Amino acid sequence: MGGCAGGATGTQANRDINKNLNEDRKREIMLTRVLLLGSGEAGKTTFLKQILYFHPENKQQEEMIRGNTIFMKRNIVSRINLLSAELDEAGDLPKDKQEVASAVQLLENETELTPENAKNIAILWSLPCFKQLQSTKFDGYEYFLDKAESLAKDDYKPSRDDILRTRIKTSGVQFFEINNANSGTNWMFIDVSGQRSERRKWIHAFEGVKAVIYLSSLASYDMMLEENDKINRMDDDLTLFESVSSIQYLPNLWIFFQNKSDLFREKIKVSPISKHFPDIDKSKETDFDYATQFFRQKFEKLFHRGPITFHTTCALDTKSLQKIYETIQIEILNTTLRDSGLM
C-alpha cells in the first residue's frame, strides 16, 4: 500500500514538474529579447525609463523612481561643485561670492541636498558666469540647477520630467522585463553600459536576442570621451557600431535611433560640425535635416547586414517616442514571427 501511495505521489510530482517546464518553455517562446547598444550617454537609460512609463503596471517603475530621486539630488551637488571649481581655477569667480563657493566646494559628491546646501547652490547658479560656463556643457543640468531649492524640500516628489532628465550611468548589464497586458506579449529589454571599460561585459547579454536597438547621440559630434579626452565621441561611436554590427550571432534586425535631436538642433547653430568633421558641406552644416542625414550616412556605410531602420529621436519627447515605440514593437514582432515560420 505504501509503495502504491508513493508511486502515485511520484507520478503527480512528475506531472507538476512537466507542467512547470512546459509553462517555462511557453514563456520563453513568448518572450522577445531586445538588446540596447550604444556608447555612453547616448540615452539608452532614458529610453528605458519612457518604456517603463508606457507600462505603469510594471513594478520596476517604482524602483526606478526611488533610485532616480537619490541620484538627482546628488547630481546637483556634483555639478555645481564642478562649475565652481572650474571658475575658481580660472579666476572668474566674483570675490563677494567666494565664501559661498568655498562652502559648496567642501561638499562631497555624495552629500545630501539639504535646504542650506540648496540655498548656496541657488546663489551661485544665479550668477551669469555659472550659467555661461554650464551653457557650454550641453548636458541638461541647468534643468535641475534651476529648481535646486524645490528639490531640497522634505515634501518633494519627482515629476515625470525630473525622472527622465536624471543622468545615471549604467554599470554592467541590466534586464527590464515588460509584460504588455494589452497585446499579451512579453518583452525583455537588455541595457548595457556604453562606457569603454564596460563593453567587455556585453557578450553575456547577446544570447536569445531577437532585435538590436542602437542609440547614438547626435549631439556628441564635438565632445570627447570621458575616459580619454583625445578621442571624439562620435568617432568612437562609429568605431563601436562597425564593431558590434559585424558580430555574426546577433540578429539581423537592427533599429537605429539618432538620439538627442533637440540638443543637436541647437548645438549646430553655435558649434560648427566642420571643425570636427571637415568632409561636411559647410554651406549646409547648420541645416538640421542635412546634418542629421550626414551622420546617418556615415553609420549606414558601416552596416552590412541588410536593411536598417533609422529614427531621429529625442528620448525626452514622450508623445513622439511612444509612436516610434509602437512602430518598432510591430516591426520586431512581425520579423520574429516570420523567422519562426508562423507568418
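These questions and answers walk through one predicted protein model.

The model is predicted: local features need pLDDT of at least 70, side-chain atom pairs count only at pLDDT 80 or more, and totals for chains, interfaces and linings use all residues. Residues are numbered from 1 along each chain as its sequence is written, and side-chain values use heavy atoms, leaving out hydrogens and water.

Reader: How many helices and strands does the protein chain have?
Author: Helices (H or I, at least four residues) and strands (E, at least two) are DSSP runs, numbered from the N terminus. Counted this way, the protein chain has 13 helices and six strands.

Reader: What percentage of the residues in the protein chain is buried?
Author: Buried means under 20% relative accessible area, exposed over 50%, and partly exposed in between (1.4 Å probe, protein chains only). The protein chain has 343 residues, and the buried share is 46%.

Reader: Which residues of helix α6 are exposed on the face turned away from its buried side?
Author: Start with the buried residues of α6 (residues 128–135): Phe130, Leu133 and Gln134. They cover an arc of only 100° around the axis, so they lie on the same side of α6. That arc is taken from the directions from the helix axis to the C-beta atoms. The face turned away carries the exposed Pro128 and Gln132.

Reader: Is α4 oblique or roughly parallel to α5?
Author: Helix α4 (residues 98–105) and helix α5 (residues 115–125) pack at about 130°, with their axes 10 Å apart. Axes are lines fitted to C-alpha atoms, for helices over the stretch in contact, and angles run from 0 to 180 degrees between N-to-C directions. Angles under 35 degrees count as roughly parallel, over 145 as roughly antiparallel, 65 to 115 as roughly perpendicular, and the rest as oblique. Therefore α4 is, relative to α5, oblique.

Reader: Which residues in α5 do Val100, Ala101, Ala103 and Val104 in α4 meet?
Author: Contact means heavy atoms within 4.5 Å. Those α4 residues meet, in α5, Asn120, Ile123 and Leu124.

Reader: Why does Asp162 count as buried?
Author: Asp162 is found in helix α9 (residues 160–165). Leaving aside residues up to four places away in sequence, Asp162 touches Met72, Tyr143, Phe144, Lys147, Leu151 and Tyr156. Asp162 counts as buried because its relative accessibility is 1%.

Reader: What distance separates the C-alpha atoms of Phe47 and Thr313?
Author: Phe47 sits in helix α2 (residues 44–54). Phe47 is buried, at 1% relative accessibility. Along the chain, Phe47 and Thr313 are 266 residues apart, yet their C-alpha atoms are separated by 9.9 Å.
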